[in-house]
Amino acid sequence: MTEEKSLNFIEEIIEADLKSGKYSSIVTRFPPEPNGYLHIGHATSICLNFGLTQKFGGYTNLRFDDTNPVTEETEYVESIKEDVKWLGFEWKNELYASDYFEQLYGFALKLIDKGLAYVDDLTSEEIAALKGSHTEPGKDSPFRSRSIEENRRLFEAMRAGQFKDGEKVLRAKIDMAHPNMLMRDPIMYRIKHAHHHRTGDQWCIYPMYDFAHGQSDSIEEVTHSICTLEFVPHRELYDWFIEKLEIFPSHQYEFARRNLTYTVMSKRKLLQLVAEKHVDGWDDPRMPTISGMRRRGYTPEAFRDFCDRVGIAKRENLVDVGLLEFCVREHLNKVALRRMVVFDPLKVVIRNYEEKLGEVEMLKGEDNPEDPESTVREIPFGRELFIERDDFMEQPPKKFFRLYPGGMVRLKFAYIIRCDEVVKDDAGNITELRCTYIPESKSGEDTSGINVKGTLHWVSAHNNVTAEVRLYDRLFKVEDPSNEEGDFKDYINTDSLQVVQTVFAEPALKTAKMNERYQFLRKGYFTLDTKDTYGRLVFNRTVTLKDSWSKEQKKA
RNA sequence: UGAGCUAUGGUGUAACGGUAGCACUACAGAUUUUGGUUCUGUCUGUCUAGGUUCGAAUCCUAGUAGCUCAACCA
């Protein structure tokens with residue numbers, strides 16, 4: 001028996017529509033405006049729209065809502081396509097609202113002919129003044145009663161470029177006293193003598209969102225048009241245009257956008273972070289953009305799992321970023337290659353270990369203990385090693401499982417060692433540990449009978465490679481920066497990036513690849529940075545490992 | 001002080017008039033050559049007040065709280 005997973009409210013609507021025979025299969029679309037980079041909020045929408053047609057049958061289009069030439073660019077189109085593909089989805093058709101400009105123009109003429117649209121000469125300010133308010137009805141424009149013939153002639157003249165920007169607009173003739181402000185004769189077309197990224201200089205009038213989006217859905221015969229909650233009031237207008245135009249009845253459904261703790265999600269705020277150089281660009285690994293998180297090492301599988309677990313609904317929400325981190329750890333744990341890297345080296349000399357001239361003992365370490373068919377790599381051992389400085393304490397607290405004077409630990413994949421002597425410089429800093437190893441304790445063939453509590457990662461002091469490592473923390477110091485007093489930027493975490501210039505890694509990392517994920521043992525998950533790093537090895541930390549020891553310490 | 005939307009543990013989401021469940025987090029324990037993983041267990045919830053009903057998270061009424069709406073943006 002398979003467990004029936006309960007459906008979310010949109011899936012329930014679709015299931016009912018399919019069952020009743022309203023539709024035999026469904027069509028959805030992901031409709032970004034190409035004026036910025038996609039972030040994790042968009043990822044939710046992508047997973048939803050594409051996930052729905054995967055689940056119920058049908059297809060999903062990628063449609064760029066490019067009706068405002070002054071903010072939109074081809075560069076964004078490319079990055080959006082890359083991000084959607086990277087998330088693992090395939091669109092049926094790549095479409096543009098600008099493909100429909102001629103049809104949309106025809107729709108406008110149709111409404112004019114029906115006496116449902118008029119050309120208005122008022123300025124932007126005058127229109128706003130006559131619009132009324134939440135508590136007061138609006139007033140009719142003096143141009144509202146122009147004849148159909150005049151409206152037609154004027155609108156054609158608008159298209160022909162006979163007017164300057166802002167001189168005239170086309171408005172729907174609905175009701176200036178409507179309780180829904182969007183129904184108070186909304187603007188359908190405005191004049192913009194601007195170059196469009198696809199249609200060039202072909203047009204100087206451009207449709208507004210409300211006169212483009214629903215109609216585009218309808219042209220594509222989108223059955224379920226899914227958007228976020230702030231568009232709820234637009235639905236009434238969406239339906240009005242479709243009804244008056246007598247075109248395919250697409251339906252709009254709204255869900256609550258996703259918010260994440262310790263970050264911001266609005267395009268405006270993200271743009272500010274980039275423009276004011278609080279981060280290094282849209283793809284800075286601290287950004288909640290898909291490109292940023294990709295660079296940080298997040299995987300498409302983790303994103304999709306996250307969207308699945310969060311689900312969708314209509315109430316306000318603030319999802320704990322810890323859930324995202326859980327998802328990426330869960331995936332990375334299964335696929336990441338284990339490697340040993342020492343960040344802050346402390347030298348260990350094994351006094352009873354004899355090195356033979358020209359010979360290095362190679363130890364075997366499995367690449368991934370989660371994989372029963374794990375491959376194995378070789379790790380050079382030696383008389384002189386590095387361990388992590390904080391894996392040693394002269395005066396260990398209770399429950400400290402690591403190395404201390406007289407104590408024993410296992411070196412992962414290698415031998416058990418005992419610390420005999422601590423060497424210090426004149427200033428009292430520890431410079432070296434002198435140890436002995438237990439030859440019979442070799443990993444995999446241990447006959448020593450000794451049990452130790454701690455296992456440390458290490459690298460050979462002579463056979464290693466160096467690398468740079470970038471450690472990221474949350475971008476903001478508070479859970480919901482947008483909801484705090486004052487400017488959200490006051491809450492930026494200035495310690496969100498820590499660069500460790502030189503770390504010591506086992507030689508296997510010399511051939512690290514872009515598409516591979518690594519777990520640096522006891523340190524976290526890392527991936528190679530995708531930027532040109534001039535021949536250096538630079539790793540980004542995707543996420544730390546869960547750390548119950550530091551938690552234990554905080555309690556003490 | 002108009003209209004619309006929403007209200008279930010710390011977080012997110014189920015329960016479709018009939019035992020408030022799942023996941024994350026937190027906590028406790030077991031296993032462990034990663035203080036990771038895995039496994040087991042525990043804590044915490046129906047916004048308020050009325051009503052309908054044998055029975056209400058669910059239906060009704062009235063409150064309360066939060067969000068959205070007056071761009072020639074999308």
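**Cores, pockets and selected residues of the predicted model**

V422 is found in strand 17, residues 416-424; helices (H or I, at least four residues) and strands (E, at least two) are DSSP runs, numbered from the N terminus. The model is predicted, so local features need pLDDT of at least 70 and side-chain atom pairs count only at pLDDT 80 or more, while totals for chains, interfaces and linings use all residues. Residues are numbered from 1 along each chain as its sequence is written, chains are lettered from A and ligands numbered from 1 in the order in which they are written, and side-chain values use heavy atoms, with hydrogens and water left out.

With a relative accessible area of 22%, V422 is partly exposed; buried means under 20% relative accessible area, exposed over 50%, and partly exposed in between (1.4 Å probe, protein chains only). V422 touches F392, E394, P405, I430, E432 and L433, leaving aside residues up to four places away in sequence, where contact means heavy atoms within 4.5 Å. The C-alpha atoms of V422 and E432 are 6.3 Å apart, and the two residues are 10 residues apart in sequence. F413 is in the loop between strand 16 (408-411) and strand 17. F413 is not a glycine, yet has a positive phi of about 70 degrees, and at 11% relative accessibility F413 counts as buried. Y262, another residue other than glycine, has a positive phi near 65 degrees and lies in the loop between strand 9 (251-255) and helix 9 (267-275).

The largest nonpolar core has 38 residues, of which F155, M188 and Y189 touch the most other members. A nonpolar core is a set of buried Ala, Val, Leu, Ile, Met, Phe, Trp, Tyr and Cys residues joined through side-chain atoms within 4.5 Å. Two or more residues of this core come from each of helix 4 (101-113), strand 4 (117-120), helix 6 (148-159), strand 5 (169-172), strand 6 (187-191), strand 7 (205-207) and helix 8 (234-245). Helix 4 gives the most, with 8 residues. The contacts of F155, not counting residues up to four places away in sequence, are Y105, A108, L109, I112, V119, L170, Y189 and I205. A second, separate core holds 36 residues, including F50, V84, M265 and A302. In soluble globular proteins, nonpolar side chains tend to be buried together.

Helix 11 (residues 300-310) has the buried residues P300, A302, F303, F306 and C307. Seen down the axis of helix 11, these residues fall within an arc of 165 degrees, so they line one face of the helix; the arc is that of the directions from the helix axis to the C-beta atoms. They pack against helix 2, helix 3 (74-86), helix 10 and helix 12. G311, with a positive phi near 75 degrees, follows helix 11.

Pockets and cavities were located on a 1 Å grid over the protein atoms alone: a cavity is a set of points where a 1.4 Å probe fits but cannot get out, a pocket is an open set with protein on both sides within 12 Å along at least five of seven lines, and lining residues have an atom within 4 Å of a point. Grid points are joined across faces, edges and corners, and a volume is the space filled by probe spheres set on the points. The largest pocket has a volume of about 1400 Å³. Its lining comprises 43 residues, with K523, R541, T544, L545 and D547 nearest its centre. Helix 13 gives the most to this lining, with 6 residues. The lining divides into 17 nonpolar, 9 polar and 17 charged residues; Ala, Val, Leu, Ile, Met, Phe, Trp, Tyr, Cys and Pro count as nonpolar, Asp, Glu, Lys and Arg as charged, and the others, Gly among them, as polar. K523 is in the loop between strand 23 (518-520) and strand 24 (524-528). Beyond four places in sequence, K523 touches V341, F343, E388, H457, R541, T544 and L545.

The second largest pocket contains about 700 Å³ of space and is lined by 28 residues, of which P31, P32, H42, T228 and F231 lie nearest its centre. Strand 1 (26-30), helix 2 (40-56) and strand 8 (224-228) each supply at least two residues of this lining.

The structure holds 1 cavity of 30 Å³ or more. The largest cavity, with about 40 Å³ of space, is lined by Y209, D210, H213, G214, H234, Y238 and Q252.
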